[in-house]
There are 2 protein chains.
Amino acid sequence: MNAMKRAAIIAIGAMAWLPALASAMEALPALPPIPSDNPMSAAKVELGKQLFFDPRLSIDGTVSCNSCHNVMASGTDNRSVSIGVSGLKGGRSAPTVWNAAFLTAQFWDGRAATLEDQAKGPILNPIEMGMPNAQAVLDRLNRIPGYRDQFLAVFGGNTPLTYDNVAKAIAAYERTLVTPNSPFDRYLRGEEGGLSEKAKLGMQLVQDVGCTGCHNGPNFAGPASMPMGMSFFQKFPVFPGSTYDSQYRLTQDLGRYEVTKQDEDKNMWRVPTWRNVALTAPYFHNGSVATLDEAVRVMAKTQVNIDLNGGQVDAIVAFLNSLTGELPLQMFPQLPATPNGVVIPVER
Amino acid sequence: MNAMKRAAIIAIGAMAWLPALASAMEALPALPPIPSDNPMSAAKVELGKQLFFDPRLSIDGTVSCNSCHNVMASGTDNRSVSIGVSGLKGGRSAPTVWNAAFLTAQFWDGRAATLEDQAKGPILNPIEMGMPNAQAVLDRLNRIPGYRDQFLAVFGGNTPLTYDNVAKAIAAYERTLVTPNSPFDRYLRGEEGGLSEKAKLGMQLVQDVGCTGCHNGPNFAGPASMPMGMSFFQKFPVFPGSTYDSQYRLTQDLGRYEVTKQDEDKNMWRVPTWRNVALTAPYFHNGSVATLDEAVRVMAKTQVNIDLNGGQVDAIVAFLNSLTGELPLQMFPQLPATPNGVVIPVER
């Protein structure tokens, strides 16, 4: 098992790296890693928030980042697969944006190393936001005076409005989307009454059963000490052959293989966070499992080949619920206007 | 002309009523009318805000009230016609929700007497939010503990969660969506420098030309003294036959006739507000006109049979821009969760 897990850790980057798998449970830090080439500022975060909520980043003006990563709720759309422009359906379930800043790679298949890289994808994806190319995004933003002014103020230089800077602003905002003070975190800090006895039993079980072999680190998605851009992958199912495979189409999507075309990447997935997992149903890359208790049963069977009993499932679900943090209070952005006209083409 | 305008005022209700058309220009009151059967409370407004932003009020969990009435921007979607679930397109352009609480009837054709009545429509419209019936909405909300608790706290009684109460909560929130302190309002209060000389010229022109025959009252959408439920309608075009009719398909949609099937209601429309009109392009019921200056030219030609010159158009546009108010600062709602599961059906 340990060898298998180690083998499952595949570097996106070139750096060699050995994980510390058996670390103790960790609280969520107040701040995620901030890349040196994209420092935070209040003005950049505000610009990124506006972009995150702006449906004008989609071809027909109907889809924003928030459409599928709803920060008024779970940071997802709570759908099996997302729906983009023109009612088009995506192939996978939207991962939560909450605490995504702690992940060392983005997307279910880890194909983006950073939040900046990730942000560039959906805007140009024909079944998500559907913009034809980066220049079309910039052309549109350039026609919105409030954006022109803010990009200049935040990034300066001769060409402040670039697609890289659009992504940097959105990523800076996303680095504020952290959910501290879950019952589990308060328990780790020594606060009394944070965890029920059932949740404490679940906390012990996820370690005994082996779940925390992968779901470890402060984000329960792999070691925090991993360098950004290097992801923490695992095969799903590790133990194929259960009835769950067909019931939930577990092997249909080949996961990271679709990126690398390497046989060893078939059905490999970036380990998702447990933070706020109680909020993010339906579960798995294809959103095929409606409830958390069933997701726990499926994972125990497919990943560590254990049939949990009802009491064990209940306890683990109770523990996972203790990882629901406090959603930060936020003000609405006010999206910059185009007085007297529009940027979305008028239909005659 | 006066007789024609008076004839255009059609009561939805049974009350006889005579408008005072020639009133002086009025500032926007701080509060809109509050109906006696739906008093405001902070808890009700908060519940209504959550419902307004909750995409779970749509069949597939993708469309909320805010999707087409975006309160981070113009209170509209700035599209020619709105797009609902499954990429379906509506037939008319979404009116702004800002200051809608001051309108004495809702929808372009005035078919809803109140905000409460209006709120019930889009949720059940198959090409908007697509819920099959009111009971399906209630069934879904009943499965969300946070909503059950709030409906009980706000409305009390044995059956607090009714479709009427859903509409009441949304309407209560919408009555907070008022945009005070526009340059025009500050000017009326005697503040110096609120209006440019060009805007002042425009203010005089809209009265001299006759625009304020219909666009009057504090919301520039008809007299404030009109009882709720009685709307202020006008034919558009009053003077048919200009090239604009075909260019912008002005007579294709029969407007209020589609509600009443009375010949005299052909091409009759509720007079829309001028408040924030600079933000709400594209213009008219079909969103066929992309810019405010063109909308001004079209209205002058079709409604009072005047060809404005460029300077006059500029001045009127400057005045209309002075009606852009301050969007209120708002906190994000946090949508009540369904821990460990979902209310939108999972797709296998």
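**View 1. Chain B laid over chain A.** Rotate chain B by 180°, with 0.0 Å of shift along the axis, and it superposes on chain A at an RMSD of 0.0 Å. That makes the relation between the two chains a two-fold axis. The contact fits in with this: 100% of the contact residues of chain B recur in chain A, so the same surface serves both copies. Keep in mind that this is a predicted model.

**View 2. Where chain B meets chain A.** Here's the contact between the chains, with 43 residues coming from chain B and 44 residues from chain A. On the chain B side, look for helix H12 (292-304) and helix H13 (310-321), each of which supplies at least two residues. Sorted by class, this side of chain B holds 23 nonpolar residues, 14 polar ones and six charged ones.

**View 3. Two domains in chain A.**

**View 4. Zooming in on the domain contact of chain A.** Domain 1 of chain A puts 35 residues into the contact, and domain 2 of chain A puts in 24 residues. Helix H11 (257-260) and strand E2 (268-270) of chain A each give at least two residues to the domain 1 side that touches domain 2. And what is the side of domain 1 of chain A that touches domain 2 made of, by class? The count is 18 nonpolar, twelve polar and five charged residues.

Definitions and conventions. Residues numbered from 1 in each chain as written. Chains lettered and ligands numbered in written order. Predicted model: local features only at pLDDT ≥ 70, side-chain atom pairs only at ≥ 80, totals over all residues. Contact = placed C-beta atoms within 7 Å. Helix = DSSP H or I, 4+ residues; strand = E, 2+ residues; numbered from the N terminus. Nonpolar A, V, L, I, M, F, W, Y, C, P; charged D, E, K, R; others polar. Least-squares fit on C-alpha atoms with pLDDT ≥ 70 in both.
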